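This briefing concerns the structure shown below. It is written for reading alongside the sequence, and its points are grouped by topic.

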Amino acid sequence: MDNPETVDARARRRLRELRAERGLTLQQVAQRAAIDVSTLSRLESGRRRLALDHIPSLARALGVSTDDLLGSAPAPDPRVPHRRAHNVDGMMMWPLTHDDSPGGIKAYKFRIANRRRVPPDPLPVHEGQEWIYVMSGSLRLRLGDDEFTIRPGNAAEFSTLTPHWFGAIDGPVELIALFGPQGQRVHIHSA
């Protein structure tokens, strides 16, 4: 079970967050709150307990209500920012998850060029699990000595300890892929 954040710890965290969001130095906030800069530094770091009489002056110095200072941070923005695509061996890959996604699982949209038709020898192997969902085109999936055609609306899941490769059959392919940290490193950093 998660340890709930104490009011003191939450207020210290919010004090640091709000100061950073506003681009204020310790000195600026301390002057506005009429407290010593070393006191503010100790309050933020937890080396000094936050007293009730500090809260109103710190909230005013930061331009927020006491509820904002004592409350939890606003929920993070769930939207994934647009990031540059990676071009790896005939595949364009667009990240669809945050860099710090829970469990290290990453989602990508792939566009596989029509020219990606010949698998390498040997087929790559690495730790992890991959899941792919084809949105358009026909995907050629090689798993060891077996070969599969994955059509739009179909999915495949496999252990990446099995030698594997995927490419186009008769035109470009668009798919969504999920993989863990090991799989992500291999695909993004391939030569």
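Tyrosine 133 counts as partly exposed, because its relative accessible area of 33% falls between the 20% limit for buried and the 50% limit for exposed residues. The model is a predicted one. Tyrosine 133 forms a stacked aromatic pair with tryptophan 131, with 6.3 Å from centre to centre and 10° between the planes. Tryptophan 131 is likewise assigned to the partly exposed class, as its relative accessibility is 30%.

**Aromatic pairs**

- The count of aromatic pairs comes to four.
- Phenylalanine 110 and phenylalanine 166 form an edge-to-face pair, because their ring centres are 5.8 Å apart and their planes stand at 75°, where over 60 degrees is required for that class.
- This pair links distant parts of the chain, since phenylalanine 110 belongs to strand β3 and phenylalanine 166 to strand β8, 56 residues apart.
- Phenylalanine 110 and phenylalanine 166 are both buried.
- A cluster linked by ring pairs consists of Tyr108, Phe110, Phe166 and Phe179.

**The open sheet**

- Six strands make up an open sheet, in the order β1-β2-β3-β9-β4-β7, with antiparallel pairing.
- The edges are held by β1 (86-88) and β7; each has a single partner strand, so one side of each is left without a neighbour in the sheet.
- On average, neighbouring strands of this sheet are turned by 25° against each other, direction ignored.
- Strands of a sheet pair through backbone hydrogen bonds, in either a parallel or an antiparallel manner.
- β4 and β7 run antiparallel and are joined by five bridges.
- Glutamate 157, in β7, is the bridge partner of tryptophan 131.

**Nonpolar cores**

- The largest nonpolar core has 20 residues, of which Phe110, Ile112, Leu139, Phe166 and Leu175 touch the most other members.
- At least two residues of this core come from each of β2 (91-95), β3 (106-112), β4 (129-136), β5 (139-143), β7 (155-159), β8 (164-168) and β9 (173-179).
- The most is given by β9, which supplies four residues to this core.
- A second, separate core contains 18 residues, including Leu15, Leu43, Leu50 and Ile55.

- Val29, Ala30 and Ala33 are buried residues of helix α2 (residues 26-33).
- These three residues lie on the same side of α2, because they cover an arc of only 100° around the axis.
- An α-helix has 3.6 residues a turn, so residues three or four places apart point the same way.
- Gln31 and Arg32 are exposed, and they are carried on the face of α2 turned away from its buried side.
- The buried residues of α2 are covered by elements including α1 (7-21), α3 (37-45) and α4.

**Arginine 60**

- Arginine 60 is located in helix α4 (residues 54-62).
- Arginine 60 counts as exposed because its relative accessibility is 62%, and the exposed class begins over 50%.
- The C-alpha atoms of arginine 60 and valine 29 are separated by 9.5 Å, while the two residues are 31 residues apart along the chain.

Conventions: Residues are numbered from 1 along each chain as its sequence is written. This is a predicted model: local features need pLDDT of at least 70, side-chain atom pairs count only at pLDDT 80 or more; totals for chains, interfaces and linings use all residues. Side-chain values use heavy atoms; hydrogens and water are left out. A nonpolar core is a set of buried Ala, Val, Leu, Ile, Met, Phe, Trp, Tyr and Cys residues joined through side-chain atoms within 4.5 Å. Buried means under 20% relative accessible area, exposed over 50%, partly exposed in between (1.4 Å probe, protein chains only). Two strands pair if DSSP finds at least two bridges between them. Axes are lines fitted to C-alpha atoms, for helices over the stretch in contact, and angles run from 0 to 180 degrees between N-to-C directions. The arc is that of the directions from the helix axis to the C-beta atoms. Contact means heavy atoms within 4.5 Å. Rings of Phe, Tyr and Trp (its six-membered ring) pair if their centres lie within 6.5 Å; planes under 30 degrees apart count as stacked, over 60 as edge-to-face and the rest as tilted.
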